[in-house]
Amino acid sequence: MSRFEHPVGDALMARAERVIPGGVYGHQSPAFLVEGVFPRFLSRARGCRIQDPDGHEYVDFLCAYGPMVLGYHDRVIEAAAHEQRQLCDSGNLPAPNMVELAERLVEKTIGMQWAMFAKNGSDVCTWSLAVARHATRRDVVVMAQGTYHGVHGWCNSFGRGFPEGERASVATFDWNDLASLEAAFAQHDGGVAAVIVTPFRHEAMHDSEMPAPGFLQGVRELCTRHGSVMIVDDVRAGFRLHIGGSTQHWGVTPDMIVYSKAVANGYPLATMLGSEALREAARAVFVTGTFFTQAVPIAAAIATLREIESRDAIARMDRAGRRLCDGLVERGRGHGLEVTISGPPSIPFMSFVADAGGFERNRVFAGEAAARGAFFHPHHNWFVSSAHEDADIDAGLVAAEAGFAAVARMFGKDRA
């Protein structure tokens, strides 16, 4: 399968396995991709192109699992980060730019009156629940069954290393099923502190699923009726669908919204924003972290928000994503293969209809494409950035052509 060999990367992996459990762990583990085909490490990135230690270049359709909304090593973002780095980064106290970023986020994110900062999506999702519980003096949190909200015990879907008690106050409902959400409210009558939802369903190992007409509006109405807090986990989709929060794409305003990934174009930062009614609870719930208010990521975030708007980046990503998705459908059919494209165009995912929920064909496709210089994840949704030009999309489609051909050879055509 592989046109690319990785002797430098293989040697580095052998070293890593001696000193790091698993060598490379978590969602970046080689086991989450296709062993023996994908690189294990990356050494360079510019725009929408990445390079492994063996010098192989790939058009990247994962964008570091989402953060690179403007592309790697963006000149403007890097200049803003460099300028702040000359002044200060980590310090005894926050830098003045923390206030500026909070002001900008409150201005841009509809319905939000305050902002606070952390480092990753897991932290702000968990923190938002604490604020909701303190504000409502209730314990139960309701989430969609199977939703990924991070690695903390209350939502960890892998179930290893955490006692069952951490999920004792968490109830679930079925995505896109308001009746099941109503049933959760009824079961915990008067005890639901919050409902936490993603703007659309985007778990790994699953086709993405958009909200059904009226679903998000229904969540909003039920939370209002029961005095519960509506929290939107916009960690993955934030700033790719709407500058004011992804649920604004459907005209829905939550009580709290959490961002990470794209907010600082690759610099480590996460944010939690909330309504005026939750201000005192946010102040009262103690949270801290030595690196939460680092000034360099905050400077990068200020520049990122400005550049998303000035470059019309959301529309550019939508256009690039549509070109990619349309091209994939066309090329798949050219090889007699039917594919499902799910998710928004800027956050797409492709699966093969004949796999019926499995991913055998996806693994062959993604592995062959990687061997031809395009990085498509076989199980996780993809991302495009505003750095993807038509030529980059077309180069990715050339690699995809080889992937479709390999699937047709190995599994046969879906139709004559």
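Predicted model: local features only at pLDDT ≥ 70, side-chain atom pairs only at ≥ 80, totals over all residues.
Residues are numbered from 1 along each chain as its sequence is written. Local features need pLDDT of at least 70, side-chain atom pairs count only at pLDDT 80 or more, and totals for chains, interfaces and linings use all residues, while side-chain values use heavy atoms, with hydrogens and water left out.

Four strands make up an open sheet of mixed pairing, in the order 1-2-3-13. Here helices (H or I, at least four residues) and strands (E, at least two) are DSSP runs numbered from the N terminus, and two strands pair if DSSP finds at least two bridges between them. Strand 1 (44–46) and strand 13 (374–375) are at the edges with a single partner strand each, so one side of each lacks a neighbour in the sheet. Helix 11 (residues 390–411) packs on this sheet and touches strand 2 (49–51), strand 3 and strand 13; contact means heavy atoms within 4.5 Å. The direction of helix 11 makes about 110 degrees with that of strand 3, where axes are lines fitted to C-alpha atoms, for helices over the stretch in contact, and angles run from 0 to 180 degrees between N-to-C directions.

An open sheet of seven strands, also of mixed pairing, has the order 4-10-9-8-7-5-6. Strand 4 (114–118) and strand 6 (170–173) are its edge strands, each pairing on one side only. From one strand to the next, the twist averages 20 degrees. Helix 3 (residues 97–108) lies across strand 4, strand 9 and strand 10, at about 125 degrees to strand 4.
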